[in-house]
Amino acid sequence: MGYGKLIGKVASNFGKGLGKNAFSLVGFENGTYAYNTANGVTLTKTDDGYELAQTQTHHTIEGRNLLREASLDEYIKNPSAGNNDHAHIISLWEEHDSKGHKWGMAIDMNACTGCGACVVSCSAENNVPVVGRKEILNSREMHWIRIDRYYSFKNLATGKPSTKEKEYNDKNNKIDFEHVTVMHQPMMCQHCGHAPCETVCPVLATVHSSEGLNQMAYNRCVGTRYCANNCPYKVRRFNWFKYRENDQFDFHFNNDLGRMVINPDVTVRSRGVMEKCSFCVQRIQASKLKAKIENRKMVDGDVKTACQQSCPADALVFGDMNDPNSEISKLFKNERKYVLLEEYNVQPSVGYMTKIRNVNEPIAGEQKAPAKHDEKHEEHKAAEHAHS
Amino acid sequence: MDTNKVILGIYNDPDHIYDTTKKLIHDGYRVRDVYSPFAIHGMDRVLGIKRSRLTVAAFCFAMTGIVLALTLQTYASYFDWQMNVGGKPSLHIPTYIPITFELAILCTAFGMVGCFFAVNKMVWGKNADIIDIRVTDDLFVVAIDIIPNKTDVAELSSILKNNGAIEIREREFED
């Protein structure tokens, strides 16, 4: 209900009047809240509807399989259970040199609880604008990182997990909606080595840096949005409006005090350009300069991205993949590591760790030969996709 | 040209001027040109006009464009400033094709227009020297060189007249 905010935040009326307070419907009995007693309140059903502004249904992945999971038993038998159905990859061209740093990130899906702290810290670090209810309804939120949520319920007839909305709507299926299995997947720009977004940009506004970062040149971007269309992970965000000094978006970028919160190290983007996760490139550059001033080489852990810094579960690890002793290099050698949509050969710089569940029944099932890599997972796990 | 003077036979029927021209050339007169409001079919063959060499010029201009485009792109994206776009190689001719094609077309179009102007000595401020203002409307003119001491103007006039000329007059070119 949005708690029914009565006052706005400092220096702007952001939030004021949003939502409705539903606590007047809650009774207080025997020292505890009682949700089933109405103290003098009568509820009447009306025909009115209210559209909920939510981002959960945005950025559909079209049923492609992004998840790998296995049960503890399977993991003990085979540490790479659930993720060793690798695609047979061939490259059409020679790889570019990757001397020096090569930045990458590892995300442990076992550790992620889906709390959303990374989303908040990323928005604060990278001056991600608040777009408001109307634009959320238009699927135009600007978050650089999101947490995808995937649900599966047990089909009581077959005993198998059921993940598709179609199956839920089918009345013949008996599905146990009381016990939900959730998987959280933080999703941001994968900084692909063979980035599909880069090849379609007609003005070279997004190219690769020598350190493996997928960079945006905002001044060069003309807003064709081809890159966002070609991104298989749907992580690019387009500035449909000027979100600062604009009365239409009277949020924290619209007054002097609010703008003092803007991070001076990060460009405030204007209308008509594309933006996305930069792996906190401003922090990388700052760390490089710091190391240079201190006349030393960069060491592992010098750079921490905003999302990594704020993750309470340490699910995100950022580092130099070219440094064999870095934490990320070790994680990338871990049997649980896999990359999303490996079969596209976009070579993401972000690796995910297979989720291991402490359950008895097998989840990953038998390992399949590479040739048939995607059928089983499509069927079982391509889940109703959601986003927090 | 050894003469500036021409005799003009003015006709109002394209068939008549076609036959006259054919006869005059057969008889050994030097026909300078035939002027007409529209293209008369077969007249170029009668006058012995050779196939235009503009196509050769066009080919040369296209080649210039291709070489220019490939040089530019190879220099810019390989020798001068390499960029990693989606992991693709910097020196890769197939990716240069769109710009190469466009530049070839551009050079050919501008080159041919420039070439046409140059060959026809068309410059800014030059006025058209129209042989007879009526050829821009509905009449046809054949111009025959009068070579001094050789061309029999009286005989030529009678040939023109007998073949349907509605008017015959002499004219002098300024150059």
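Predicted model: local features only at pLDDT ≥ 70, side-chain atom pairs only at ≥ 80, totals over all residues.

Student: Where in chain A is A:Phe279 found?

Tutor: A:Phe279 sits in the loop between strand 11 (274-275) and helix 8 of chain A. Now look at its backbone. Most residues other than glycine have a negative phi. A:Phe279 is not a glycine, yet its phi is positive, about 55°.

Student: How do I read a nonpolar core?

Tutor: In soluble globular proteins, nonpolar side chains tend to be buried together. Here the largest nonpolar core has 60 residues. A:Phe279 is one of those that touch the most other members, and so are A:Trp103, A:Met105, A:Met188, A:Tyr233, A:Leu316 and A:Tyr352.

Student: Which elements give two or more residues to this core?

Tutor: Among them are strand 4 (103-108), helix 2 (117-125), strand 5 (146-155), strand 7 (175-187) and helix 8 (281-293) of chain A. A second, separate core of 19 residues includes B:Tyr18, B:Val31, B:Ile40 and B:Met43.

Student: What does A:Tyr233 touch, leaving out residues up to four places away in sequence?

Tutor: Its contacts include A:Ile61, A:Met187, A:Cys192, A:Leu340, A:Leu341, A:Val346 and A:Pro348. A:Arg146 and A:Gln190 are also on the list.

Student: Which residues of helix 2 of chain A are buried, and what do they pack against?

Tutor: The buried residues are A:Cys118, A:Val119, A:Ser121, A:Cys122, A:Ser123 and A:Glu125. The buried residues of this helix pack against strand 5, helix 8, helix 9 (306-310) and strand 12 of chain A.

Student: How should I read salt bridges?

Tutor: Side chains of opposite charge can pair when their charged atoms come close. The structure holds 23 salt bridges over all chains. In one of them, A:Arg146 pairs with A:Asp148, with the closest N and O atoms 2.8 Å apart.

Student: Are A:Arg146 and A:Asp148 buried or exposed?

Tutor: Both are buried. A:Glu294 is partly exposed, with a relative accessible area of 42%. A:Lys290 is partly exposed too, at 48%. There is also a network of salt bridges that links A:Arg244, A:Glu245, A:Asp256 and A:Arg259.

Student: And the interface between the chains?

Tutor: The size of an interface is often given as the accessible area lost when the parts come together. Between chain B and chain A that area is about 970 Å², with 66% from carbon and sulfur atoms. The contact takes 8 residues from chain B and 11 from chain A. Across it the rule finds 0 salt bridges, but 5 residue pairs in polar contact.

Student: How is chain B divided?

Tutor: Chain B has domain 1 (5-51 + 131-172) and domain 2 (54-119). Their C-alpha centres lie 46 Å apart. For a residue pair, take B:Asp137 and B:Ser77: they are 60 residues apart in sequence and 56 Å apart in space, C-alpha to C-alpha. B:Asp137 counts as exposed because its relative accessibility is 56%.

Definitions and conventions:
Residues numbered from 1 in each chain as written. Chains lettered and ligands numbered in written order. Heavy atoms only, no water. Core = buried A, V, L, I, M, F, W, Y, C linked by side-chain atoms within 4.5 Å. Buried < 20%, exposed > 50% of the residue type's maximum accessible area, 1.4 Å probe, protein only. Helix = DSSP H or I, 4+ residues; strand = E, 2+ residues; numbered from the N terminus. Contact = heavy atoms within 4.5 Å. Domains from an automatic or database assignment. Buried area = accessible area lost by both parts, 1.4 Å probe. Salt bridge = Lys/Arg side-chain N within 4 Å of Asp/Glu carboxyl O. Polar contact = N/O pair within 3.5 Å; in protein donor to acceptor, adjacent residues only side chain to side chain.
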